[in-house]
Amino acid sequence: MDQLVKPHGREKKLMPLLLKGGELKEERKRAASLKRFAMTSRETGDAIMMGIGGFTPLEGFMTGEDWKGVCKDMAMSDGTFWPIPVTISVSEEDAATIKDGDDITLVDAETGTDMAIMTVRDRYTIDRELECKEVFRTTDPEHPGVAMVMSQKAINLGGPIRVLSESYFPEEFEGVYMRPAESRKLFNERGWKTVAALQLRNPMHRSHEYLAKIALETLDGLFIHQLVGKLKPGDIPADVRVKCIDMLVENYFVKDSVIQGGYPLDMRYAGPREALLHAVFRQNYGCSHLIVGRDHAGVGSYYGPFDAQEIFEEIPAGSLETKPLKIDWTFYCYKCRGMASMKTCPHGKEDRLLLSGTVLRKTLSEGGDPPEDFSRPEVLEILKAYYAGLEEKVEVKLHHAATGA
Ligand SMILES: [Zn+2]
């Protein structure tokens with residue numbers, strides 16, 4: 001019996017917008033005859049998430065009214081909780097060629113793949129600064145999420161979509177890329193009721209392993225769910241991260257207690273608001289809990305270390321079934337002789353191995369040896385091989401907040 005959390009939205013069922021069989025064939029043919037508009041990588045990722053039901057109950061890109069409600073109150077016009085705008089934009093000239101009610105084809109600019117047919121119901125301009133202020137809590141153009149919004153085209157289009165493709169994700173990330181119906185099936189097969197999602201976009205180090213094991217002490221299973229969409233330059237590619245996770249799971253976790261999956265979104269780096277989005281789609285994937293550690297989905301020092309935990313207390317009760325598993329900053333402590341957190345270790349900074357992923361990347365990219373106890377040797381070996389194979393050295397920028405100072 002399915003005892004998992006129900007998908008997000010009133011219907012409480014997955015609503016994948018990806019077409020199948022004969023209908024897919026027909027619509028692909030029709031797509032070729034429609035006006036075509038390019039989608040950015042972020043827009044493509046969002047369309048695929050709607051396609052596979054990860055963004056249930058969204059039926060397409062948001063209308064002006066939904067955009068406004070989501071920015072200001074995290075609510076769609078029908079009252080559905082949603083924390084981040086899911087929008088698509090075109091140039092003014094392009095918008096002028098579209099009439100309300102028109103069907104258009106949305107094409108992934110990177111691969112040229114026809115991704116979706118959209119029925120345009122709304123064309124609107126947005127106050128980008130307002131979106132940035134509400135969603136990212138900053139309008140600083142250096143913030144990568146802000147930069148993405150500020151570089152959008154002039155007119156947003158709203159309306160339902162029918163998804164035609166998942167692009168290269170199923171092939172390129174075979175065995176990792178996962179649809180919500182698939183993760184739910186796997187969880188059910190194992191008889192899991194409570195499942196913690198561990199969000200990852202960096203290689204999995206001992207601090208992540210510790211977070212995962214805290215969750216496993218009390219819940220039925222763990223879903224290591226990592227982003228296979230786009231990151232910042234200098235971040236470690238998904239295939240390398242997948243290898244690291246496989247190695248860790250194989251050597252350091254109880255058999256069958258972990259399932260690994262990937263999802264096709266780009267990072268927005270919206271910190272607290274993105275943590276909520278992470279919880280929304282983990283609910284669709286069947287996870288009862290989302291592990292929220294220090295500076296979840298943050299970048300630089302735009303957010304307080306626990307803003308992403310606190311925002312869960314600020315949303316209306318009943319917004320989400322999936323709950324945050326809030327865990328303090330974790331590290332190896334030489335006096336505790338083990339992993340601990342600020343909540344459980346009474347010792348001082350000098351006794352703790354405090355090293356952010358950013359500092360580690362810097363050490364590795366410069367050919368250095370990261371300290372023992374930070375990462376499992378099997379994982380470090382994979383990372384070292386990756387850096388040694390890089391043609392061009394990546395320069396890793398250090399942020400003040402990432403040094404643990
Ligand atoms: Zn300690």
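**Helix packing and domains in a predicted model**

Tutor: Helix α10 (residues 238-252) packs against helix α14 (residues 377-388) at an angle of about 165°, their axes lying 9 Å apart. Axes are lines fitted to C-alpha atoms, for helices over the stretch in contact, and angles run from 0 to 180 degrees between N-to-C directions. The model is predicted, local features need pLDDT of at least 70, side-chain atom pairs count only at pLDDT 80 or more, and totals for chains, interfaces and linings use all residues. Residues are numbered from 1 along each chain as its sequence is written.

Student: What orientation do α10 and α14 have to each other?

Tutor: With an angle of about 165°, and with angles under 35 degrees counting as roughly parallel, over 145 as roughly antiparallel, 65 to 115 as roughly perpendicular and the rest as oblique, α10 and α14 are therefore roughly antiparallel. The crossing of α10 past α14 is right-handed, a term used if the near helix is turned clockwise from the far one by less than a right angle.

Student: Which residues in α10 and α14 meet, and what classes does the contact of α10 with α14 have?

Tutor: On α10 they are Val240, Lys243, Cys244, Met247, Leu248 and Asn251, and on α14 they are Glu378, Val379, Ile382, Leu383 and Tyr386, where contact requires C-beta atoms, placed from the backbone, to lie within 7 Å. This contact has eight nonpolar, one polar and two charged residues (Ala, Val, Leu, Ile, Met, Phe, Trp, Tyr, Cys and Pro count as nonpolar, Asp, Glu, Lys and Arg as charged, and the others, Gly among them, as polar).

Student: What makes the pair α11 and α12 roughly perpendicular?

Tutor: Helix α11 (residues 272-285) and helix α12 (residues 307-314) pack at about 65°, with axes 8 Å apart, and that angle makes α11 roughly perpendicular to α12. Here too the crossing is right-handed, α11 passing α12. Pro272, Ala275 and Leu276 of α11 make the contact with Asp307, Ala308 and Ile311 of α12, and these residues divide into five nonpolar, no polar and one charged.

Student: How do you know where the domains lie, and how many residues of domain 1 and domain 2 are in contact?

Tutor: The bounds, which come from an automatic or database domain assignment, divide the protein chain into domain 1 (21-170) and domain 2 (179-403). Their centres, taken over C-alpha atoms, are 28 Å apart, and 22 residues of domain 1 are in contact with 27 residues of domain 2. On the domain 1 side, α2 (41-52), α5 (128-136) and α6 (144-150) each supply at least two residues, and α2 gives the largest share, six residues. That side has twelve nonpolar, eight polar and two charged residues.

Student: What is the average pLDDT of the protein chain, and where is the pLDDT below 50?

Tutor: The average is 93, and 96% of the residues score at least 70, on a scale of the predictor's confidence in each residue from 0 to 100. Over residues 399-405 the pLDDT is below 50, although this stretch has 15 contacts in the model beyond near neighbours in sequence.

Student: Which peptide bond is cis?

Tutor: The bond from Thr56 to Pro57 is cis, with omega near 10°, and Pro57 is found in the loop between α2 and β2 (60-61).

How values were computed. Helix = DSSP H or I, 4+ residues; strand = E, 2+ residues; numbered from the N terminus. Contact = placed C-beta atoms within 7 Å.
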